[in-house]
Amino acid sequence: MDKETISYALLMGLAIALVVAIATDLTRRKIYNWNTFPIVLAAPAWWWAAGFDPWPGMAIQVALAVGIFLFGALLFAIGAMAAGDTKLMTGIALWFPPMVFLEYFVFVALFGGVVTLVFGGLHIIRRKHLRSGDELADDPTVGTIGGGNPVKGPKILIPYGIAVALAGLWILFSKYPVFS
């Protein structure tokens, strides 16, 4: 098997992992470690297949991922992003060169705005139809990330991992020939 075939297989694996992340975040509001760890662990094989040099190519990817992890940890600390979203974005940072990752990051923000509007609207509509706070406790769109206001109710959980993964798929389909 040549490097090009391995590269294509790894990119397809990344795409599948991103689709799984969308599904689990949509249905359970979680992005599992069993989904993000293979993304991280497969990145060095991708670097090799794509022809990255150890210096500076691979080192830049690791530095980018560390920077994204620290940024995500800060967002997690203030309740603006969940841990699974941070780990997924960190893993994706290992795959896209810095300029491609910058484009990816713009798409995360755009898709994130849409996801927030859609799920925020759905939450408002659903909440109007509920009669008691006990029924709201069973709603998968609410939770304790970032706390909540005991007077206004629990804080809504936006499945931001959907935006993180959709942006990754967008980049894969627009930048890599295996998907065209």
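**Exercise 1. The overall layout**

Work out how many helices and strands the protein has, and in which pattern they follow each other.

*Solution.* Step 1: count the elements. The protein has seven helices and two strands; helices (H or I, at least four residues) and strands (E, at least two) are DSSP runs, numbered from the N terminus. Step 2: read along the sequence, and the pattern is α-α-α-α-α-α-β-β-α. Before going on, keep in mind that this is a predicted model, where local features need pLDDT of at least 70 and side-chain atom pairs count only at pLDDT 80 or more, while totals for chains, interfaces and linings use all residues. Residues are numbered from 1 along each chain as its sequence is written, and side-chain values use heavy atoms, with hydrogens and water left out. Step 3: look at burial. Of the 180 residues in the protein, 41% are buried (buried means under 20% relative accessible area, exposed over 50%, partly exposed in between, with a 1.4 Å probe and protein chains only).

**Exercise 2. Helix 1 against helix 7**

Find the angle at which helix 1 and helix 7 pack, and say which residues meet.

*Solution.* Step 1: recall the general idea. Two packed helices are described by the angle between their axes and the distance between the axes. Axes are lines fitted to C-alpha atoms, for helices over the stretch in contact, and angles run from 0 to 180 degrees between N-to-C directions.

Step 2: apply this. Helix 1 (residues 3-28) and helix 7 (residues 161-175) pack at about 155°, and their axes are 8 Å apart. That makes helix 1 roughly antiparallel to helix 7 (angles under 35 degrees count as roughly parallel, over 145 as roughly antiparallel, 65 to 115 as roughly perpendicular and the rest as oblique).

Step 3: list the partners. Residues of helix 1 including Leu11, Leu18 and Ile22 meet residues of helix 7, among them Ile162, Leu166 and Leu169; contact means heavy atoms within 4.5 Å. The contact of helix 1 with helix 7 has 13 nonpolar, two polar and one charged residues (Ala, Val, Leu, Ile, Met, Phe, Trp, Tyr, Cys and Pro count as nonpolar, Asp, Glu, Lys and Arg as charged, and the others, Gly among them, as polar).

Step 4: check burial in helix 7. Its buried residues include Ile162, Ala165 and Leu169.

**Exercise 3. Helix 2 against helix 4**

Decide whether helix 2 and helix 4 are roughly parallel or roughly antiparallel.

*Solution.* Step 1: take the angle. Helix 2 and helix 4 pack at about 20°, with their axes 8 Å apart. Step 2: helix 2 and helix 4 are therefore roughly parallel to each other. Step 3: name the contact. Asn33, Thr36, Ile39 and Val40 of helix 2 touch Gly84, Lys87, Leu88, Gly91 and Ile92 of helix 4. By class, the contact of helix 2 with helix 4 has four nonpolar, four polar and one charged residues.

Step 4: zoom in on Thr36, which lies in helix 2 (residues 33-50). Thr36 counts as buried because its relative accessibility is 3%. Beyond its neighbours within four places in sequence, Thr36 is in contact with Ile31, Gly84, Lys87 and Leu88.

**Exercise 4. Two backbone details**

Find where the cis peptide bond is, and which non-glycine residue has a positive phi of about 60°.

*Solution.* Step 1: the cis peptide bond joins Trp55 and Pro56, with omega about 5°. Pro56 belongs to helix 3 (residues 54-77). Step 2: the residue with the positive phi is Arg29. Arg29 sits in the loop between helix 1 and helix 2, and Arg29 counts as buried at 15% relative accessibility.
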